[in-house]
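This short report walks through one structure for a first-time reader. Have the sequence and the 3D view open side by side.

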Amino acid sequence: MAANHSAHHAPAPVGGNLFNATTFVCGVLIAIMIAILAVRFIFGLGAVTNLNDGYPWGIWVVVDVVIGSAFACGGFSVAMLVYIFNKGQYHPLIRPALLASLFGYTLAGIGVIFDLGRWWNFWHIFWPGYSNPNSVMFEVAVCISAYIVVMWLEFSPAFFEKWGMVDAKKKLNKVLFFLVALGTVLPMMHQSSLGTLIVVMGVQINPLWQTKLIPLLFLLTAVVIGYGVVLFESCVAASAYRRKIELHLLEPLAKVMLGMLALFIVVRFGDLVVRGALGHAFKANLVALAFWVEMLCFLAPFALIGSAGARRNPAKLFLAGTAIMLGGIFMRLNAFLIGYDTGVGVDTGWRYFPSVPELMVTIGMFAIEVLGYIIITRRFPVLPREDVQVAH
Amino acid sequence: MSDRRNFLKGVVAASGAAVAATALPTPAEARETKQRPPEALGLLYDATLCVGCKACVAACKQANDNPAEFSTVDQLWDTPLDTSGKTFNLIKMYRSGTMETKDAEENGYAFMKTSCMHCADPSCVSACPVSAMTKDPKTGIVEYSADACIGCRYCVAACPFGIPKYQYDSPTGKIGKCELCRHRYKDGHYSACAEVCPTGATLYGKTSDLLAEAKRRLALKPGEKAVFPRGNISGGKDQSYENVVGNYQQHVYGEKEYGGTQVLKLSGVPFEKVGMPNLPPEAAAAHSESIQHMLYGGLVMPLAVLGGMAFIAKRNVHHDDDDQKGEN
C-alpha cells in the first residue's frame with residue numbers, strides 16, 4: 001500500500017489564466033443571481049419564486065440542498081475507499097473530490113438561508129431551548145454544519161502547502177485520522193436523514209418513496225452518486241485542462257460503484273415487493289413514469305460499463321457517471337416533489353413549477369461552484385502534478 | 001489478492017452495519033403514537049347543522065387581526081378560497097349535480113370547516129427544528145411562536161390537512177394557523193368561531209365532552225327532533241336549542257385519525273369528498289421519530305460508528321503520513 005501511494009505525483013496547481021470565456025459566463029450568472037436574491041430579501045419569497053402552500057419546498061430546497069449535497073458526496077465516497085477500506089491507490093482522487101464536496105456542501109449551507117422565510121433566526125436550530133432533537137431537520141442541519149467545518153479542515157493542507165505553513169500542516173496531520181473518521185460518519189448521518197425528512201409527511205408521499213427504508217436508500221445512492229460525480233468530474237477536468245485521464249484509477253472505481261449500485265437496486269426492489277408497493281409503478285400516471293425514469297438512470301450504468309473493456313472507455317465512464325447523477329436527481333425530485341401530494345388527494349388545486357428567477361438562482365449557485373473549482377485548481381495544489389502542463 | 005479480500009470484507013461489514021443501523025427495528029425504542037391529553041380542548045364541527053353563514057370566518061379574522069383577502073374583481077368583502085397565512089378558518093362548499101338536497105352526496109351540497117385539527121400527535125410539532133410549533137401539555141393546543149420560527153416551512157409540508165400556511169408576500173413572513181383563540185381565554189372568551197356560530201355547528205369544549213356529544217348525535221334517529229348545545233359545551237350558560245337530526249356518516253372524523261385530533265367532525269357526505277383525507281391510526285410523527293430515535297438515541301450508534309471509523313482511519317492515515325515524509 002505504502003509503496004503504491006508514493007508512486008503517485010503530489011498535487012500541484014494547474015496554473016494558467018483565470019480570465020476566460022467560462023469564468024466570464026460564471027461571473028455574469030452569479031451577478032444575475034445576486035440581483036434576484038436582493039429582490040427576494042427585500043420583498044419576500046413570493047416575489048421571485050412560485051412556492052405556495054401546496055408546495056412549500058421548491059428547487060431551492062430540493063435541488064440546491066438535497067441534490068446539491070448528494071452531488072457533493074465524492075469527497076466522502078473516495079475518503080471511505082482510501083482511509084477506511086485502505087485502497088491507497090485512489091489517493092490522488094481525494095483532493096479534487098474533496099474540493100467539489102467542500103463547494104457543494106458550503107453552497108448548500110448558504111443556499112438554505114435564501115430559502116428560510118425568517119432567516120435571521122437560523123441560529124435557533126443550534127440553540128438549546130429552541131432546537132428540537134425529534135425533528136429530522138434538526139439532525140440534518142447540525143450534521144451538515146459540522147461536516148462543512150470538518151471538510152474545510154480536511155482540505156486545509158492544500159492551503160498550508162501553498163502558503164508554506166509546515167507546522168500547521170504537521171499539527172493537522174496528527175488529528176487527520178479523527179477528521180477522516182468524522183468525515184465519513186457525518187455524511188452517513190445526514191445523507192440518510194435527508195431521506196428521513198419525508199417520513200413525517202406521511203401518506204402525502206407516494207408509497208413508491210414513502211418507506212421506513214428511505215434513509216438507507218438515500219445513503220446508498222449518496223455513496224454511489226459520490227463515485228458517479230468523481231467519474232464525471234475526472235473526465236470533465238481531464239478534457240477541460242487537457243490532462244491525461246486517470247483511467248487506471250477510474251476503471252476499478254467504476255467497478256466498486258457498480259457493486260454499490262447493485263446493492264441499492266436489490267434493496268430498492270426488495271423493499272417495494274415486501275411492502276406491496278410495486279403496483280404503484282404500473283399505474284398510468286406521471287408518478288409511475290417518473291419512477292421508471294429514475295430506475296432506468298440507475299440501471300443504465302450496467303449496460304454502459306458492465307464489461308471491463310467498456311470501463312476503459314472514457315466516454316462510457318463519463319456517460320455512466322452522468323446516468324448515476326441523473327438517477328440521483330430524479331430520485332430526490334420524485335421523493336420530495338413529484339411523488340408529493342398535499343392533502344392526500346382530497347385537495348388537488350396545487351401546482352408547482354419553478355419560476356425563471358428561481359431557476360436563475362440555482363444556476364447561479366452552480367456557477368459559483370464551477371468558478372471556485374477553476375480558481376482553486378489553477379492556484380492551489382489539488383489535481384495530481386503532470387510532467388508537461390498544457391493548461392489554458 | 002489478500003488486499004482485495006480485505007476490501008471486500010470491509011465492504012460487506014460496512015454495508016451490513018449500515019443496513020443494520022437503518023433497517024432493523026428495535027421495538028423497545030419505537031415511539032408509539034401519542035394520545036390526547038385528558039384535559040384537551042377542541043371543537044366539534046357538525047356539517048349537518050352548518051348553514052354556511054360564515055360568521056365564524058369573519059369572527060376568526062377579527063379575533064386574529066387578519067386582513068381581508070380577495071378572490072373577486074370588485075374586492076368588496078373578504079372572499080378567500082382557501083386558508084392562508086392570513087385566513088385561519090374557512091367554510092368550504094361541496095357541490096354535486098343539481099345541488100337540490102343539503103348534505104346529500106348526489107345532487108346535493110354540503111359545508112365543511114377548514115382549520116387546524118390540533119392533532120394528538122402533530123406532524124408539524126415533530127417536524128419543526130426550532131420548537132416554534134409546540135403542543136401545550138395541558139390543553140393540547142398546537143401553538144406557534146413567530147419569535148422562534150426560522151420560516152423553513154417544514155410544518156407546511158408535513159401537515160396532512162394542509163393547515164400551517166406561510167405568508168409568501170412578506171420579507172418577514174410568518175406561519176399562520178388556528179390556535180383555538182388561546183389569546184382570548186384570559187378575558188373569559190373561547191374560540192371565536194364557536195362563540196358566534198348561530199346553529200352550534202361549531203361547538204367549543206373539552207375534546208372528551210365533544211366526543212361524547214358526537215357519539216350521542218350518531219345514535220339519534222335522522223329526521224327526528226333533538227336538542228343541540230351551542231357555544232361552549234364544557235361550561236358557561238346553556239344556549240341549547242331544538243333542531244332536526246342530520247343524516248350522518250357513522251364516523252366521528254378525528255376520533256382515531258393519526259392517533260386522534262382535538263377538533264372532531266361530523267358530516268352527511270363522505271369525508272374524503274369534503275376534503276378530509278383518509279388517514280391511518282398511527283401518526284407519521286411516530287414513524288419519523290422512531291427512525292430518528294433508533295439511529296440517534298443517546299448518540300450511541302453514531303459514537304460507536306465514529307469510534308470504529310477512527311480506529312480504522314488511524315491505522316490507514318498513518319501510512320499516508322510516512323509516504324509524505326518520504327516525498328518531501
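Helix axes are lines fitted to C-alpha atoms over the stretch in contact, and the angle between two axes runs from 0 to 180 degrees between N-to-C directions. The model discussed here is predicted.

**A helix pair in chain A**

Two packed helices are described by the angle between their axes and the distance between the axes. Take helix 4 (residues 74–84) of chain A and helix 8 (residues 214–240) of chain A. They pack at an angle of about 100°. Their axes lie 7 Å apart. Angles of 65 to 115 degrees count as roughly perpendicular, and helix 4 of chain A and helix 8 of chain A are therefore roughly perpendicular to each other.

Which residues in helix 4 of chain A meet helix 8 of chain A? They are A:Gly74, A:Phe76, A:Ser77 and A:Val78. On the side of helix 8 of chain A, the partners are A:Val223, A:Gly226, A:Tyr227, A:Val229, A:Val230 and A:Glu233. By class, this contact has 6 nonpolar, 3 polar and 1 charged residues.

**Chain A as a whole**

Chain A has 13 helices and 0 strands. Its radius of gyration is 21 Å, close to the 21 Å that the globule rule gives for 392 residues, so chain A is as compact as a globular protein of that length. The C-alpha trace of chain A spans about 65 × 50 × 45 Å along its principal axes. Buried residues make up 53% of the 392 residues in chain A. Consider contacts in chain A between residues at least 6 apart in sequence: 80% of them join residues at least 24 apart.

Helix 12 (residues 314–338) of chain A has 25 residues and should span 36 Å at 1.5 Å a residue. Its end C-alpha atoms are 33 Å apart, which agrees. Of its 25 residues, 18 are buried, so helix 12 of chain A is largely enclosed by the rest of the structure.

**Where chain A meets chain B**

The contact takes 68 residues from chain A and 66 residues from chain B. Several elements of chain B give two or more residues to the side that touches chain A, including helix 1 (2–23), strand 7 (165–166) and helix 7 (284–296) of chain B. Helix 8 of chain B gives the most, with 17 residues. The table sorts the side of chain B that touches chain A by class.

| Class, side of chain B that touches chain A | Count |
|---|---|
| Nonpolar | 36 residues |
| Polar | 19 residues |

Methods. Residues numbered from 1 in each chain as written. Chains lettered and ligands numbered in written order. Predicted model: local features only at pLDDT ≥ 70, side-chain atom pairs only at ≥ 80, totals over all residues. Contact = placed C-beta atoms within 7 Å. Helix = DSSP H or I, 4+ residues; strand = E, 2+ residues; numbered from the N terminus. Nonpolar A, V, L, I, M, F, W, Y, C, P; charged D, E, K, R; others polar. Expected span 1.5 Å × (residues − 1). Buried ≥ 20, exposed ≤ 12 C-beta atoms within 10 Å, placed from the backbone. Parallel < 35°, antiparallel > 145°, perpendicular 65-115°, else oblique. Rg over C-alpha atoms; globule rule 2.2 N^0.38 Å.
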